[in-house]
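Subject: Structure handover and findings

Dear colleague,

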Amino acid sequence: MSVTLIANRNQFKMKNKLEIFKKTQDLLDEPEVQELLDYCDRLEDELVDFKFEKTNNKELILLDMIREVIKGCNAMEKEQLEHERFGYEAPNYAEAISNLKNYILEICKDNKIYL
């Protein structure tokens with residue numbers, strides 16, 4: 001979701017893609033822009049993985065898990081909008097909820113986080 005970095009007191013803050021494309025939302029439908037955004041998402045994931053390796057901090061693990069949940073929710077919302085707009089197949093919410101629950105439980109088990 002995050003695309004660019006802005007320096008602020010020796011820290012970097014992610015800038016949301018919607019902020020970047022606020023005035024030109026139609027560009028979000030372009031294949032090249034989608035490819036760029038997917039690439040940025042992969043880089044963001046690699047950055048998070050690097051942070052885990054560096055600190056092994058459970059707070060970072062939980063933050064990443066929450067980010068992934070938000071990404072999944074955004075994807076479901078996008079599917080719903082496409083369904084309403086173009087008549088595509090509606091999202092399978094039961095499967096999405098099941099996958100979300102399994103993802104959370106797996107991350108918690110792997111990182112010894114007890115809920």
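A patch is made of residues with over 30% relative accessible area and no salt bridge, with like charges joined within 9 Å. Areas come from the Shrake-Rupley method with a 1.4 Å probe, and only the protein chains shown count as cover. Asp and Glu count as negative, and the place of a charge is taken as CG of Asp or CD of Glu.

This is a predicted model, in which local features need pLDDT of at least 70, side-chain atom pairs count only at pLDDT 80 or more, and totals for chains, interfaces and linings use all residues. Residues are numbered from 1 along each chain as its sequence is written, and side-chain values use heavy atoms, with hydrogens and water left out.

On the surface, a patch of negative charge brings together Asp-26, Asp-29, Glu-30, Glu-32, Glu-35 and Asp-38. Of these residues, Glu-35 lies in helix H2 (residues 31–55); helices are DSSP runs of H or I, at least four residues, numbered from the N terminus. Glu-35 is exposed at 57% relative accessible area (exposed: over 50%; buried: under 20%; partly exposed: in between).

One salt bridge is counted (a side-chain nitrogen of Lys or Arg within 4 Å of a carboxyl oxygen of Asp or Glu). It joins Glu-68 and Lys-71, at 3.4 Å from N to O. The two residues are three apart in helix H3 (residues 58–86), about one helical turn. Glu-68 is partly exposed at 24%, whereas Lys-71 is buried at 15%.

There are zero disulfides (pairs of cysteine sulfur atoms within 2.5 Å). Cys-40 is buried at 12% relative accessibility, and Cys-108 is buried at 3%.

Kind regards

Conventions
Buried means under 20% relative accessible area, exposed over 50%, partly exposed in between (1.4 Å probe, protein chains only). Patches are made of residues with over 30% relative accessible area and no salt bridge: like charges are joined within 9 Å, nonpolar side chains (Val, Leu, Ile, Met, Phe, Trp, Tyr) within 5 Å.
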